[in-house]
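Keep the sequence at hand while reading.

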Amino acid sequence: MTSRIATPPVAPGREALFRPLEVRSLRLANRLVMSPMTRMGCPDGLPDEVNRDYYADRAAGGTGLVVTEGIGVDHPTSVDHSWIPRLDTPESVSAWRVVTDAVHAAGGRIIAQLWHVGPLWGANARFDRAHRDRLMEMHPMRPSGLWGTPGVTTYSERSVARWSPEVPPMTDSDISEVIDAFARSARLAMEAGFDGVTLHGGHGYLLDAFVWADTNRRTDDWGGDLAARSRFPAAVVAAVRSAIGPDAPLFYRFSQHTQQDYTVRKATTPDELGVYLGALAEAGVDLLDASTRRFSDAAFPDLGGDDGEVTLAGWARRLTGLPSGAVGGVGIGTSLREQKSGKPAIAADNIDAVVECMERGEFDLISVGRLHLADPSIAEVLRTAGPLPEFVREVHEMPLRSPA
């Protein structure tokens with residue numbers, strides 16, 4: 001795919017979705033983002049023509065910003081599947097350059113999501129039959145050696161029992177090496193032609209594991225109260241900002257919940273959230289991407305009144321003054337967690353609610369995952385207010401390819 005399809009007029013009521021946005025050197029034609037989705041479809045960790053076309057087709061379909069699936073940084077335990085992409089060698093830079101060139105040729109913009117799975121090492125290794133035993137023998141990076149207390153989760157009891165035994169906590173050397181790994185891979189991302197970088201700092205992965213009090217029980221400078229627990233992700237942000245320079249945009253995805261327990265709340269008040277997000281903003285983040293079950297969910301409903309209706313993305317914007325992004329359930333009434341538990345996807349035309357949230361200043365970008373899998377041209381469907389495509393998990397959410 002080498003160019004965008006003809007752009008139809010914006011349907012009345014959809015204008016907010018199709019306004020341009022600038023973040024440092026990044027200029028977006030609209031506010032629609034292809035959400036990062038792990039597909040485990042990169043042979044030997046390198047994207048190829050299948051991945052190239054997968055991303056370029058969404059750019060050609062009119063999506064303003066494409067965000068890659070999680071890309072492992074230059075650290076041995078950053079990702080736990082041999083078909084999850086990495087960005088750690090000249091070969092990986094060349095492979096990703098083919099992808100970024102194709103997205104740009106299609107008129108789109110693309111940023112790399114950099115990732116370290118941290119305590120959740122093993123969740124993807126179970127699907128890698130060829131390397132499963134070797135992967136499961138490797139030492140996961142955990143702030144205090146803890147997987148996290150299981151609560152509401154989609155993981156089976158058998159899986160939790162296998163992953164949860166305590167391991168040695170990260171050493172000062174481990175911490176320094178991981179910070180450097182993020183910086184190196186961020187620098188390589190710019191060499192590969194990406195328009196910017198985003199860091200996966202949610203869902204219980206490594207950056208998030210330092211913020212969550214349950215997995216970070218350290219008593220040194222990297223642990224303690226929320227301000228202290230925010231030092232590690234802030235240090236990674238600062239290192240990445242230095243690596244990519246002053247012009248490239250730096251996004252950060254964060255969440256209250258973890259995959260170990262969907263009921264977790266790392267910040268129980270807006271003031272606490274401000275401590276965490278303020279540290280990221282000061283370190284160099286440009287946009288805070290709030291990951292929630294549904295984009296419109298209130299972050300602190302117990303506050304009551306207007307404050308009790310503000311979303312997590314809305315609080316991020318209000319507390320830091322930075323633009324924010326939202327994700328969760330656009331066009332679908334069933335959460336991803338519910339679908340993984342066997343509940344079928346239920347269509348929900350909630351696009352008007354997206355626009356309403358955007359118009360009242362809750363967020364600046366909206367990420368769409370599953371509908372991008374159902375229709376690469378979902379942007380034009382939204383532009384014309386056409387009927388939303390049906391998402392069928394068994395058809396649309398399968399990995400691009402799987403190892404033999």
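Arg-241 is buried, at a relative accessible area of 11%; buried means under 20% relative accessible area, exposed over 50%, and partly exposed in between, with a 1.4 Å probe and protein chains only. The model is predicted, so local features need pLDDT of at least 70 and side-chain atom pairs count only at pLDDT 80 or more, while totals for chains, interfaces and linings use all residues. Residues are numbered from 1 along each chain as its sequence is written, and side-chain values use heavy atoms, with hydrogens and water left out.

The side chain of Arg-241 meets that of Asp-286 in a salt bridge, 2.6 Å from N to O; the term stands for a side-chain nitrogen of Lys or Arg within 4 Å of a carboxyl oxygen of Asp or Glu. Because Arg-241 lies in helix α8 and Asp-286 in the loop between α9 (270-283) and β8, the pair ties together parts that are 45 residues apart in sequence. Helices (H or I, at least four residues) and strands (E, at least two) are DSSP runs, numbered from the N terminus. Asp-286 is also buried, at 9% relative accessibility. A network of salt bridges links Arg-24, Arg-241 and Asp-286.

The whole structure holds 15 salt bridges. One of them joins Arg-97 to Asp-101, with the closest N and O atoms 3.6 Å apart. These two residues are 4 residues apart in helix α2, so about one helical turn separates them. Arg-97 is partly exposed at 34% relative accessibility, and Asp-101 is partly exposed at 41%. Another salt bridge brings together the side chains of Arg-86 and Asp-88, at 2.8 Å from N to O. Here Arg-86 is buried, with a relative accessible area of 18%, whereas Asp-88 is partly exposed at 22%.

Aromatic rings come next. A pair of aromatic rings is described by the distance of the centres and the angle of the planes. Rings of Phe, Tyr and Trp (its six-membered ring) pair if their centres lie within 6.5 Å; planes under 30 degrees apart count as stacked, over 60 as edge-to-face and the rest as tilted. A search of the whole structure finds 12 aromatic pairs. Among them, Tyr-55 and Trp-96 form a tilted pair, 6.3 Å centre to centre with 45° between the planes. Tyr-55 belongs to helix α1 (residues 49-60) and Trp-96 to helix α2 (residues 90-105), so this pair ties together parts that are 41 residues apart in sequence. Tyr-55 is buried at 1% relative accessibility, as is Trp-96 at 0%. Tyr-54, Tyr-55, Trp-96 and Phe-194 form one aromatic cluster.

On a 1 Å grid over the protein atoms alone, a cavity is a set of points where a 1.4 Å probe fits but cannot get out, and lining residues have an atom within 4 Å of a point. Grid points are joined across faces, edges and corners, and a volume is the space filled by probe spheres set on the points. The structure has 1 cavity of 30 Å³ or more, and the largest cavity contains about 100 Å³ of space. Its lining has 14 residues, and Val-33, Val-67, Phe-251, Asp-289 and Ser-367 are the closest to the centre. At least two lining residues come from each of β4 (65-72), β5 (109-115), β7 (250-255), β8 (287-291) and β10 (365-368).

Note on methods:
1 Å grid on protein atoms, 1.4 Å probe; cavity = no way out; pocket = protein on both sides within 12 Å on 5 of 7 lines; lining within 4 Å.
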